[in-house]
Every structure is written in C-alpha cells, then in structure tokens.
Amino acid sequence: MRVGFSRAIFLEAAFIIVFSLILMGPHAASAQSADAAQQQFADAWMAAIKSQDVAKVKALFHPATLDCINDSNRDFFDFNFKEELRAGAGLGMSYHIESINSLSRPPPMGGFPADGFAFPVEPTHQLQIDAETKDHRTMILLRFLAQANGRWYTVDPCLNAKGLTLFAQQRAESERQMAEGAALATGMPESLRTDIKPLLAQGHWFDATDCYREANGADLGTAVKVINAMAAEK
C-alpha cells in the first residue's frame, strides 16, 4: 500500500509537512538522477530523523532557515523539528530516492498566505524519498533543497506575525482534536487497548489505525485522533 507522508495522516498539526505536500506537483522540472552529494544528504536525513536526536535534524536545515529562529517563533520551529523525529520513529530500514527534480521557479506558498511565509533562500531542487515504515507501508518524504558552502540542506520557510497567528490556530485545532481522541481512547474497551498499544510501541502506526477502525467501524479521521492520543499517553 502506498501512502502519503505520515504526518499528513497521523500528525495533523505538522504544519510544515502539510505545506510540503501542497507544494508538490507541476512546479518541478524533469526528474534527474541524484548525484553523490544529494544521495549523501538523503542518507544523512534518514539517519537523523530515525536517531531521535533533534540536534542531528537541525544540522541538516539550511543555515538561512536556522537564522530565522528567534524568541517569537522558536516554538514553531521546535515543534516541527520534533515532528521530524516522530515521523522517523515509524520508519524501517529500507528507503530510496524516488526523484530529485530541479525547480523551474520558486515554490508557491500553496494555501498559506504569501505575506505570512517566505523562503529565506530559494530552493533549487525538490527531493522525494520513499521509505518503508515498520508496518511495511510506504511513507513519502518531501524536502526542498538548496546548497550552502558546497553542501545540500533542506530549506523551510520563515514566518512573520501573520504566519505565527496561522500556526497558533492550527495548533489549537490540533489540541482540540487530540482532546476528542483522548476522550474516545479513555472509553475504549481494555481488550482493544491491549491490541493497539503493542502496535504503537513497535512504530506500527498504520496497523494500529486499521485495528481501531476494524474494531468499531470508525472513519479514518476519528481513528487518527484516537491513535494520536494513545501515542501521546505516558
């Protein structure tokens, strides 16, 4: 089964990744073969997000993106760095570069306000990595790349006050949905919880969602809320 990036499905507040999916499409030129430096970035990226070490993830962000971070927006960037690790926690060993495309023009802001977000440097390439999850699905990871000092880095947009307001709204909605999921998880039969918790412990997010849906006929959105809430339990 081929699926989109896990945070577009499971981690609904993962703002930057939804942003990346919106940008995917006709704005890339013809696909190219990855060169050695681009493959090195892909290998380093996969190792970093699976390491559960946020410093390793941050080291692969373009210096211009890191220069955007200040006291007013630090929560936004910290949140997204941690979400990278959450995606990595569900990955298995196998992955490959599906495509590396040069960008014919700067990526648009998609559904986000152009006056709230802007790339600090213009990305030159779009990288797609197809990675196997621990429950043997395919996770699609998209990154926009640019070079600095001869090395490839991923570039994320910086945001201003308007962007921060939108992020705050997105996070509030995520917290509301998490609360709804927690309420449903609290009322879950213990036998179903016993089936789901080991799947989550092993990083089998999709299998856990399938298990919940099959047990009570829930739609995908409801199942996502419950599985996210259970994953957040201490």
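Let's start with Lys162, which is partly exposed, with a relative accessible area of 42%. Keep in mind as we go that we're looking at a predicted model. What does Lys162 form with Asp115? A salt bridge, and the closest N and O atoms are 3.0 Å apart. Lys162 sits in helix α7, residues 161–186, while Asp115 is in the loop between β2 (91–103) and β3 (117–118), so this pair ties together parts that are 47 residues apart in sequence. Asp115 is partly exposed too, at 46% relative accessibility.

How many salt bridges does a search of the whole structure find? Twelve. I'll walk you through a few more of them.

Next, please find Arg137 and Asp210. Their side chains meet in a salt bridge, with 2.7 Å from N to O. This pair links distant parts of the chain, 73 residues apart: Arg137 is in the loop between β4 (125–133) and β5 (138–148), and Asp210 is in helix α9, residues 205–216. Is Arg137 buried or exposed? Its relative accessibility is 11%, and buried means under 20%, so Arg137 counts as buried. Asp210, at 28%, counts as partly exposed.

Asp156 has a relative accessible area of 6%, so we call Asp156 buried. Arg143 is at 3%, which means that Arg143 counts as buried as well.

Asp156 also takes us to another residue, Thr65. Leaving aside residues up to four places away in sequence, Thr65 touches Phe77, Pro120, Val155, Asp156 and Cys158. You'll find Thr65 in helix α5, residues 63–67. How much relative accessible area does Thr65 have? The value is 0%, so Thr65 is buried.

One last stop before I hand over. Which residues are linked in a network of salt bridges? They are Glu173, Arg176, Glu180 and Lys225.

Note on methods: Residues numbered from 1 in each chain as written. Predicted model: local features only at pLDDT ≥ 70, side-chain atom pairs only at ≥ 80, totals over all residues. Heavy atoms only, no water. Helix = DSSP H or I, 4+ residues; strand = E, 2+ residues; numbered from the N terminus. Buried < 20%, exposed > 50% of the residue type's maximum accessible area, 1.4 Å probe, protein only. Contact = heavy atoms within 4.5 Å. Salt bridge = Lys/Arg side-chain N within 4 Å of Asp/Glu carboxyl O.
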